[in-house]
There are 4 protein chains.
Amino acid sequence: MPASLGRVLLAYSGGLDTSCILAWLIEQGYEVYAFMADVGQEEDFVAAEKKALKVGAKKFFLEDLKREFVTELIYPAVQANCIYENVYLLGTSLARPVIARGMIAVADREGCNYVSHGCTGKGNDQVRFELAFYGLKPDIKVIAPWRLPEFYNRFPGRQALLEYAAKSQIPVVQTASKPWSTDENLFHISYEAGILEDPNVTPPTDMWKLTTAPEEAPETPERITIEFTAGLPTKVTVPATGKTYTDAVDIFLALNALGRTHGIGRIDIVENRFIGVKSRGCYESPGASILRAAHVDLEGLTLDRNVRALRDQFVTIELSRMLYNGHFFTPEREFIVSAIPASQRTVNGLVRLKLYKGNVVVEGRESSEGLYDERQSSMDEMGGFEPTDTSGFIQIESIRIKKWAQANIRRGQSGVTPKDVYGTRV
Amino acid sequence: MPASLGRVLLAYSGGLDTSCILAWLIEQGYEVYAFMADVGQEEDFVAAEKKALKVGAKKFFLEDLKREFVTELIYPAVQANCIYENVYLLGTSLARPVIARGMIAVADREGCNYVSHGCTGKGNDQVRFELAFYGLKPDIKVIAPWRLPEFYNRFPGRQALLEYAAKSQIPVVQTASKPWSTDENLFHISYEAGILEDPNVTPPTDMWKLTTAPEEAPETPERITIEFTAGLPTKVTVPATGKTYTDAVDIFLALNALGRTHGIGRIDIVENRFIGVKSRGCYESPGASILRAAHVDLEGLTLDRNVRALRDQFVTIELSRMLYNGHFFTPEREFIVSAIPASQRTVNGLVRLKLYKGNVVVEGRESSEGLYDERQSSMDEMGGFEPTDTSGFIQIESIRIKKWAQANIRRGQSGVTPKDVYGTRV
Amino acid sequence: MPASLGRVLLAYSGGLDTSCILAWLIEQGYEVYAFMADVGQEEDFVAAEKKALKVGAKKFFLEDLKREFVTELIYPAVQANCIYENVYLLGTSLARPVIARGMIAVADREGCNYVSHGCTGKGNDQVRFELAFYGLKPDIKVIAPWRLPEFYNRFPGRQALLEYAAKSQIPVVQTASKPWSTDENLFHISYEAGILEDPNVTPPTDMWKLTTAPEEAPETPERITIEFTAGLPTKVTVPATGKTYTDAVDIFLALNALGRTHGIGRIDIVENRFIGVKSRGCYESPGASILRAAHVDLEGLTLDRNVRALRDQFVTIELSRMLYNGHFFTPEREFIVSAIPASQRTVNGLVRLKLYKGNVVVEGRESSEGLYDERQSSMDEMGGFEPTDTSGFIQIESIRIKKWAQANIRRGQSGVTPKDVYGTRV
Amino acid sequence: MPASLGRVLLAYSGGLDTSCILAWLIEQGYEVYAFMADVGQEEDFVAAEKKALKVGAKKFFLEDLKREFVTELIYPAVQANCIYENVYLLGTSLARPVIARGMIAVADREGCNYVSHGCTGKGNDQVRFELAFYGLKPDIKVIAPWRLPEFYNRFPGRQALLEYAAKSQIPVVQTASKPWSTDENLFHISYEAGILEDPNVTPPTDMWKLTTAPEEAPETPERITIEFTAGLPTKVTVPATGKTYTDAVDIFLALNALGRTHGIGRIDIVENRFIGVKSRGCYESPGASILRAAHVDLEGLTLDRNVRALRDQFVTIELSRMLYNGHFFTPEREFIVSAIPASQRTVNGLVRLKLYKGNVVVEGRESSEGLYDERQSSMDEMGGFEPTDTSGFIQIESIRIKKWAQANIRRGQSGVTPKDVYGTRV
């Protein structure tokens, strides 16, 4: 083989696609290093390493990114109640930046001029990976074979890949292929493509992997308590087992196990990809769903109304969109995230939850922050409150509304009626 | 009695408070007409009328506002996915404008100079009622006894009201008083005050009135289908009974019955009242919860991404706040609502749901709008898509990100590192 | 020549670039029709037609789009106070949709399979044109020669174009080329590129074409009056000449003439193009600058505070961005624009202005809408206002602020001080 | 006199109103300390002290707050481009928090149980002062005489105050009273009330105090340069005098002097007060107007597009509203302000300005941040840019737009035409 075209760090999964890409890159004249990130997915990393080296990778790197995934990506998203299009908790989106950062760190250290991945040309992940690469190392060169005509025209379908694998002595595991694709990490698993592309097909019950079906979940509810400090979960107590969890990763894994048992966190949606294509996806996010419910609830008790409203409108929505679209290593993400700490300073306290057959039920919450004042809130006592103040408040609040109403009435006298504005009765 | 101070239309509930207010207003020298709105609450209107007239009301008006409540208030809120502080579906807020409008219509027709209500001085409803009154009839005069020192000092607690009732020959039903207050209409029921004022007290199981507990709900899931036209539910099909519903009110009532059976729509939150006091409330909104899940889902299939994003950030959040704060008959509500139709033009299709023990599970959806394109979305075929286009897209999207990254790197060379911006690995 | 590859409608300017493109398209085997839009630019349309036909266009179409440019594009932008990045009034952005719509109408009528334009590959206009084409006729095919390697590699600079023109018998006017590019229409003229690419170069005084320099403008101020109906200018009165203008286009042209005389509407900025590149542009928008100042002022007198605030944050900013990025024929533009009428219903009245050496000075305004109430506003009389109401208002407004302050004070006692939050003095 | 009702710290101005309030508070039985803040207004502080003590104040405190006004209030507002309702630069709003903080610091130190001020019951300043007091010291008691019936009924007009002054031996300066009120500090002066209450009255030329009329300003333009570091002005160079300014306060004062000379920063508006009343105000902000123009311009060169867009929509608008409404010492202000530094990290560079008869003209700007790239921006060279990338970008951007257009066309075939959506031509 002639002199190498350069060294490529390939995001390797151990599957058919990236194994063929590995062989193909070598065939093109690149030297290839394989990279795997452990972000909590169920995977035989030893077998994957063996396979990568067998196919021809010069080196293999496995990076354990679970802790930074939880603490640097997941927890800020919990603090900001991130959610995309009202439903999706962003499990795949959150993993991409740590994986990309892990790759760039290895590429830098190992002198790789290129990075490569096996993402398709229609999805979000290609964008998330590549914008992250460029945001960290703007001069990195990216090889995305599924967008290169010389690759995708040569491998128009699975059969062509299998033939290439056979020819290239790539071992292919003879498992029955699932009629959908998945992406898994410790936050969630996603399902898309295949039979799911018809948005009216109900996912088969055996598709769901991370959670028990609500119908199969225990008949007996389970109670747990989650404590938060500055909006972050710092202690989970599970009375049934007598266990408590305080380490950031342990907390997340414990909540995952609880959610899995009780059938919590399944969703099925049609979402809008960054490239503008609508796409159907199913997701399981057991622990994250519990955590979100608890955090949102505690904010009711501990977060100022106006801060919450501004945060919901600007940080939650904008940050969720940035995460979904792969705009993590960007100035706008840095900007928006810089406002989170001031919004979470008072989010301290605990939430008591009941988990039961898909439901996360808040049963109570407490905090010593003092923004909730039982006496002031009470309908049974004055609590230092002067009811006459509210009269003044309402009068002042009504000033501009009265002016508007008067203008409507005047206008009504000349043809346009308030009914046009306000409906049937007026 | 001397010449009347004027005629008052009193929002009458039939309960102890408004009966005492009725008697007290007469005692002050007003002529009082009693007003009740039927917004779907469980109520003995005949008994209430009898009681009002017995206490001294000169006239009694019962207005059936259920249809306008559903069509003019609830359905626009469904179209806009309204929700307050991520959780509350605004059941009480939505009823207030139709009740206030009904009262103003009667007050106008019957020559009442005053309107009066029995809302407390700490709550939201006083504001919602009065701003609505002023927004419709800016010169109306409002008597809010619970904010008048001569009233609230005279009646510092329930015992004083009972004594006044006895003295004024107001019949008092000797039911055991519940340790909380409720507000009910066909959208929901709310519970607050009393034992609920401790936010860490779990509501007793016998408090919940409109829904079966998930634990007690049927073991067998039920499937239904909801069809939408321009974002409004136009047909509900319930295979188990073979029934379909197409009338706006019937649809809502049918969904309520389904939600009730399957334990859907309970929430328990600490919310922020308009006056700035935090307050704990529990709510049951069975039908509305089903409807919201279905509408949000169908928008995934049928609504353009950018319209949805703008609508979520501006219409949903702003309109929800306006409704909560009683800003219905205002120019800003008129303004925001005027954008809803353009957002719902394509929201046509149906959603298939599974109802099971508190869960509303979307099992599929379809539409002929064509914004979802199975071939284009597919990972298995090109579908008219050129993967190379995405390369150009990513290159263009990365232009400004690369500039920023280069600036970070230059800055890193002079002291501040990208790590300060981007975390552990860089 | 073999059978035609198809019929192309080319956006023709009469200049060197589009003349060469015309010849090149014919050379490739297309049949070419030339299209010009009259959007108010200074242009010899007769000469351009003659030239197009001489170069080989089979037909030539000149469409007068001035009125629809003013009424359908400019005036809604005036109603919404559109402005991009605080400074730019969007003159070029506003013209593109009407031109694109005019082209698609001709292409449809004349059976053109293709449209083509001479925009460069780095600018905004290519995007604005093409997204408009696709939003109106999604199956139209676009030929953008400056993005085709076979074109841009063949014509790497002006010299290559001149040589091709000579060879193709394209007449070239021997005017000294200006060291910048311009785009002109009746709203504005833009200057960019060439010597302006250094953002620290002051534009030469002889660059500015549409306005007198403030230094050269009359020493005597001029007064005018603009009347608005529903936010649209409906009458302009110019006392100095005794003239009034009421036709939509006449009004705009009259304000242009006034602005030109008095040196109004020059700007010089670095802006962010849609593709993410920063770019320096200079603009003159004389009439639009006057109109914007007047409209913003009248809204102070006639528009409800909350409507204005929501409109500023959502409609003004979002619509301006959509216009700039060429998202005119899109669902999100339709959505946002649908809210404008409800925001302008009360914007009726007149504004008196003084024009003087670059300044637009508001000297007074009046309206019969009645939202401004001199007695209520007055500091000299009560005007139906109860000062004690404000006490109640302030008490209620301070409830949550006091809770926060108490939490800060408690926190201060345990280490973190209010000073960390509130600065030096506390 | 009986035992004191307590000690009051009165915000004293030296004028008739607060002198009468001082005397009246003593008459009611309070011990009164007088407080004056030097925020740069033109004032005879020595005479004021003498007068306060003569009227009966037990102590007099003069606090020089100019530096903290500039550095803690004005400069963050410059960084965020704060502006209220498109026009007002918030000069009075910005001064209130430092004054209130100064008062609370003195009240704390001197053991005052009460604070008092002479603001009217209809304005913004009462709210700004009192919310600031409560945000710093939630248990402070406030005496606002102009909202107390026993005060305002006793002093229904200026004549009553003059009589009381005479009786109380309060010296009254016999200057002709101006037919408007003013509030002055080093940022600006405001004019309101009196003859200005008719919004159609042009302010008399002799009203304006801080600036030369543009008509009277020098015929010769003046050039200056402003340098910014992290969005803050750090150096002003004035070639005409050869002077440079680098101290924060000096910079502001120098710009004020320049603006004054060249007639810069006059505005005349109708604005919406926090209490919902519309009000006419005139303002002069010479230095602030120059600074804002320069800062906005430099952001064009140095701030990422997406950060700028988010900052404009959220921080600029929300912070401006908070400042106007007196929500400075609040959690939401803390929240929003916490995002400013991340938005200004790259705003480094200089702006060259021409000042001429009311105009602030940007003549050039430079920065070494590198976000502007002359080669990349250039229309004359590729600069590393691949025009074909833009083709991909446009294709991807058009995906959802084409889907929408197709839906419109289908709909058009069944009755609703694209013309309903897109106007005349389609």
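What rotation superposes chain A on chain D? In this predicted model, the superposition takes a rotation of 180° with 0.0 Å of shift along the axis, and the RMSD is 0.0 Å. The two copies are thus related as by a two-fold rotation axis.

Among the residues of chain A, A339(A) comes closest to that axis, with its C-alpha at 2.5 Å. Of the interface residues of chain A, 100% are also interface residues in chain D, so the copies meet through the same surface.

## Contact between chains A and B

Chain A contributes 97 residues to its contact with chain B, and chain B contributes 97 residues. On the side of chain A, helix α14 (residues 387–413) supplies the largest share, 13 residues. By class, this side of chain A holds 41 nonpolar, 28 polar and 28 charged residues.

## Positive phi angles

Most residues other than glycine have a negative phi. L90(A), which is not a glycine, has a positive phi of about 75°. This residue lies in the loop between α3 (66–79) and α4 (91–110) of chain A. L90(A) is buried, because 23 other C-beta atoms lie within 10 Å and the cut-off for a buried residue is 20 or more.

In chain D, E85(D) also is a residue other than glycine with a positive phi, near 50°. E85(D) is placed in the loop between α3 (66–79) and α4 (91–110) of chain D. With 20 other C-beta atoms within 10 Å, E85(D) is buried.

Notes:
Residues are numbered from 1 along each chain as its sequence is written. Chains are lettered from A and ligands numbered from 1 in the order in which they are written. This is a predicted model: local features need pLDDT of at least 70, side-chain atom pairs count only at pLDDT 80 or more; totals for chains, interfaces and linings use all residues. Helices (H or I, at least four residues) and strands (E, at least two) are DSSP runs, numbered from the N terminus. A residue is buried if 20 or more other C-beta atoms lie within 10 Å of its own, exposed if 12 or fewer, and partly exposed in between; C-beta atoms are placed from the backbone. Two residues are in contact if their C-beta atoms, placed from the backbone, lie within 7 Å. Ala, Val, Leu, Ile, Met, Phe, Trp, Tyr, Cys and Pro count as nonpolar, Asp, Glu, Lys and Arg as charged, and the others, Gly among them, as polar. Copies are superposed by least squares on the C-alpha atoms of residues with pLDDT of at least 70 in both.
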